[in-house]
Amino acid sequence: MLELRANCECCDKDLSPDVTDAMICSYECTYCRSCVESVLENVCPNCGGGFFHDQFDQESQDETELV
Ligand SMILES: [Zn+2]
Ligand SMILES: [Zn+2]
């Protein structure tokens, strides 16, 4: 099972795997949902990509190997 151990890159909030408000962008930058919605406006400041929930990424891995 894919484990996500990260903090929000914006506010440094702890984002454990069972936290449902973790958001990840196309290039795997990780943020909490409140930052994505209120600060970032659904656009990653690092790569300009959009966000999706990391949970659903585990089942559709179309573009996860971008490294
Ligand atoms: Zn945050
Ligand atoms: Zn990004």
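Visitor: What makes C8, L15, A22, M23, I24, C25, Y31, C32, V36, C44 and F51 the largest nonpolar core?

Guide: In this predicted model, these 11 residues form the largest nonpolar core. A nonpolar core is a set of buried residues of types such as Ala, Val, Leu, Ile, Met, Phe, Tyr and Cys, joined through C-beta atoms within 7 Å. The set from C8 to F51 is therefore called a core by that criterion. In soluble globular proteins, nonpolar side chains tend to be buried together.

Visitor: Which strands supply at least two residues of this core, and which gives the most?

Guide: Strands β3 and β4 each supply at least two. The most come from β3, with four residues.

Visitor: What makes both faces of β3 count as covered?

Guide: A22 and I24 lie on one side of β3, M23 and C25 on the other, and all four are buried. A residue is buried if 20 or more other C-beta atoms lie within 10 Å of its own.

Visitor: Why are β4 and β5 called edge strands?

Guide: The open sheet has three strands in the order β4-β3-β5, with antiparallel pairing. Strands β4 (30-32) and β5 (51-53) each pair on one side only. Neighbouring strands of this sheet are turned by 40 degrees against each other on average, direction ignored.

Visitor: How many helices and strands does the chain have, and what pattern does it follow?

Guide: The chain has two helices and five strands. Along the sequence they follow the pattern β-β-β-β-α-β-α.

Visitor: Why is E28 called partly exposed?

Guide: E28 has 17 C-beta neighbours inside 10 Å. Buried residues need 20 or more, and exposed residues have 12 or fewer. The value of 17 falls in between, so E28 is partly exposed. E28 is placed in the loop between β3 and β4, a hairpin with four residues between the strands. Although E28 is not a glycine, its phi is positive, at about 70 degrees.

Visitor: What makes N42 exposed?

Guide: N42 has 12 other C-beta atoms within 10 Å. The cut-off for an exposed residue is 12 or fewer, so N42 qualifies. N42 lies in the loop between α1 (33-38) and β5. Its phi is near 65 degrees, a positive value in a residue other than glycine.

Visitor: Which residues are in contact with C32, leaving aside its neighbours within four places in sequence?

Guide: C32 is in contact with C8, C11, K13, L15, D21, A22 and M23. Contact requires C-beta atoms within 7 Å. C32 is itself one of the core residues.

Visitor: What percentage of the residues in the chain is buried?

Guide: Of the 67 residues in the chain, 18% are buried. Among contacts between residues at least 6 apart in sequence, 33% join residues at least 24 apart.

Technical notes:
Residues numbered from 1 in each chain as written. Chains lettered and ligands numbered in written order. Predicted model: local features only at pLDDT ≥ 70, side-chain atom pairs only at ≥ 80, totals over all residues. Pairing = 2+ DSSP bridges. Axes fitted to C-alpha atoms, helices over the stretch in contact; angles between N-to-C directions. Contact = placed C-beta atoms within 7 Å.
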